[in-house]
Amino acid sequence: MCGIVGAVANTPVNQMLYDGLLLLQHRGQDAAGIVTSEGPVFHMYKGPGYVRDVFRTRNMRDLSGNAGIAHCRYPTAGSAFSDLEAQPFYVNSPFGISLGHNGNLTNSESLKRELFQLDFRHVNTNSDSEVLLTVLALELERAAQHHRLDTDAIFKAVAGVHRRCRGAYAVVAMIAGYGLLAFRDPYGIRPLIIGSNEGMGGSEYLVASESVALEPLGFSVLRDVGPGEAIFVDQAGVFHARQCAEHASLNPCIFEFVYLARPDSVIDGTSVYESRLHMGGELARKIRNIPAAQDIDVVIPIPDSSRPSALELANQMGLKYREGFVKNRYVGRTFIMPGQALRKKSVRQKLNPIGMEFKDKVVLLVDDSIVRGTTSREIVQMARDAGARKVYFASASPPVRYPNVYGIDMPNQRELVATGRTEGEIAHEIGADLLIYQDLDALKNAVRATNPSLREFEASCFDGRYITGDITADYLSQLAVVRDELRGETEDLLEDQKAREEAA
């Protein structure tokens, strides 16, 4: 996943884009970048690291202009350690286009070959986002009339992107001298929302991955970008929108509601926080019918995203809710750290148990999900070391048994603790006395309870159904090989870095 922001305003947008990235920092911490547009001229700065570390005052001063886009990166393709793959990307022909992308193309390799052999276009990195930019540039060139663009040509180009690109993509792009373009894939897998503000100079617009980036910046939620829809805001601030896909249907990634999004966000009309409360309610209903789970003394969340579910579960079952773990907020998220050993090492640095909440108690730990199982095993052991008599473990989501190919870094099925194991075997693997998983239908009902108009979801990591229809066993095998190679490179780089630090 990544975070994207785009803005057209009546005043300089550099600070607005920077602040927007800070609000979306949870969606990516590997790199960040901002591009602003000053008429036909782009100004760009990007680099690896957290938003606060990438930009300095001198960089911000150079980012002049009243329109722009920004991106914070979490790599699911390419290399986390390549500065070349920080976004936004830029291509100078035709027109001059800069683009930031959240999601993952599933046909990027075939598109690369097609672009090189048929369209004579060269892609310089391993990033699928550069592939998407190249396809957009080519479609804009084909749609342009007499080397000029109008809204019809721009929307026609997006329709061409939809025909050629498969997978998940929410996109913000700047076209030099024209304005801000944003669009979403025909299944609406990754989120994208529009905000508006009436300033003294006229209407202003902000597009972002999550609604949490809008209100703090002074924008009111206008609506979500629909699946397959494109919006274009020209340099005069005029807003245009059009459906550009022939067969669009809304299938948001259900993992956004489970874990990825901030709880104070609203995605496709659905409160993430309220959805997580309902997940806890669904878990409570299931646990009531499990005889072995009727001796629970206390419910303890594993911070942060499981708190609403744990709280509602405890309330509905009449159990004590306690904060049993203190989180060190200055350690990176273990979910996105490369390598099992590195993840394992960081768990103990990240969480510290409060002994009095565990000693001689039957504890129900609640987490949003169990992916690789490494973190869960460490946390269960911490609870035992703190004196828990029994440790039960509840997941607010079903077993993660399949790789996600739409922008979440869990592509290698061998790494998933639930693959090929029963719930009892998984409980043994993580060291829990009892393991309770949410049922998939219950999870969907929990999200629908907030917004009944949501009919379908992208839930492939739970059910193995890939909605784009192009994912084969060979594709997943090849993806696993690529990700293994990437992790190997990453761990080698980390070891080299550690050796240099120790030598210094």
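This is a predicted model: local features need pLDDT of at least 70, side-chain atom pairs count only at pLDDT 80 or more; totals for chains, interfaces and linings use all residues.
**Exercise 1. Describe Phe 95 in the terms of phi and accessibility.**

Step 1. Phe 95 belongs to the loop between strand 5 and strand 6 (97-105).

Step 2. Its phi is near 75°, a positive value in a residue other than glycine.

Step 3. The relative accessibility of Phe 95 is 24%, so Phe 95 counts as partly exposed.

**Exercise 2. Identify the residues joined by cis peptide bonds with omega of about 10° and about 5°.**

Step 1. The bond with omega of about 10° joins Gln 87 and Pro 88. Pro 88 is in the loop between strand 4 (67-73) and strand 5 (89-91).

Step 2. The bond with omega of about 5° joins Pro 303 and Asp 304. Asp 304 is placed in the loop between strand 16 and helix 9.

Step 3. Ser 129 can be related to both sites. Leaving aside neighbours within four places in sequence, Ser 129 is in contact (heavy atoms within 4.5 Å) with Gln 87, Phe 89, Leu 99 and His 101. From Pro 303, Ser 129 is 174 residues away along the chain, and the two C-alpha atoms are separated by 32 Å. Ser 129 is found in helix 5 and is buried, at a relative accessible area of 2%.

**Exercise 3. Characterise the packing of helix 4 on helix 5.**

Step 1. Two packed helices are described by the angle between their axes and the distance between the axes. Helix 4 (residues 108-117) and helix 5 (residues 128-143) pack at about 45°, with axes 10 Å apart; axes are lines fitted to C-alpha atoms, for helices over the stretch in contact, and angles run from 0 to 180 degrees between N-to-C directions.

Step 2. The two helices are therefore oblique to each other (under 35 degrees counts as roughly parallel, over 145 as roughly antiparallel, 65 to 115 as roughly perpendicular, and the rest as oblique).

Step 3. Helix 4 passes helix 5 in a left-handed crossing, that is, the near helix is turned anticlockwise from the far one by less than a right angle, whereas clockwise would be right-handed.

Step 4. Ser 108, Leu 111, Lys 112 and Leu 115 of helix 4 meet Asp 128, Val 131, Thr 134, Val 135 and Leu 138 of helix 5. The residues of this contact divide into five nonpolar, two polar and two charged (Ala, Val, Leu, Ile, Met, Phe, Trp, Tyr, Cys and Pro count as nonpolar, Asp, Glu, Lys and Arg as charged, and the others, Gly among them, as polar).

**Exercise 4. Describe the packing of helix 8 on helix 9.**

Step 1. Helix 8 (residues 272-288) and helix 9 (residues 307-317) pack at about 45°, with their axes 7 Å apart. That angle makes helix 8 oblique to helix 9.

Step 2. The crossing of helix 8 past helix 9 is right-handed. The residues of the contact divide into nine nonpolar, four polar and four charged.

**Exercise 5. Determine the strand order of the open sheet and identify its edges.**

Step 1. Five strands form the open sheet in the order 17-16-20-21-22, with parallel pairing; two strands pair if DSSP finds at least two bridges between them.

Step 2. Strand 17 (320-321) and strand 22 (434-437) stand at the edges, each with a single partner strand, so one side of each is left without a neighbour in the sheet.

Step 3. Helix 8 packs on this sheet, touching strand 20, strand 21 (390-395) and strand 22, and its direction makes about 130° with that of strand 22.

Step 4. Within the sheet, four bridges join strand 16 (residues 298-301) to strand 20 (residues 362-367), and Ile 300 stands opposite Leu 365 in strand 20.

Definitions and conventions:
Residues are numbered from 1 along each chain as its sequence is written. Side-chain values use heavy atoms; hydrogens and water are left out. Buried means under 20% relative accessible area, exposed over 50%, partly exposed in between (1.4 Å probe, protein chains only).
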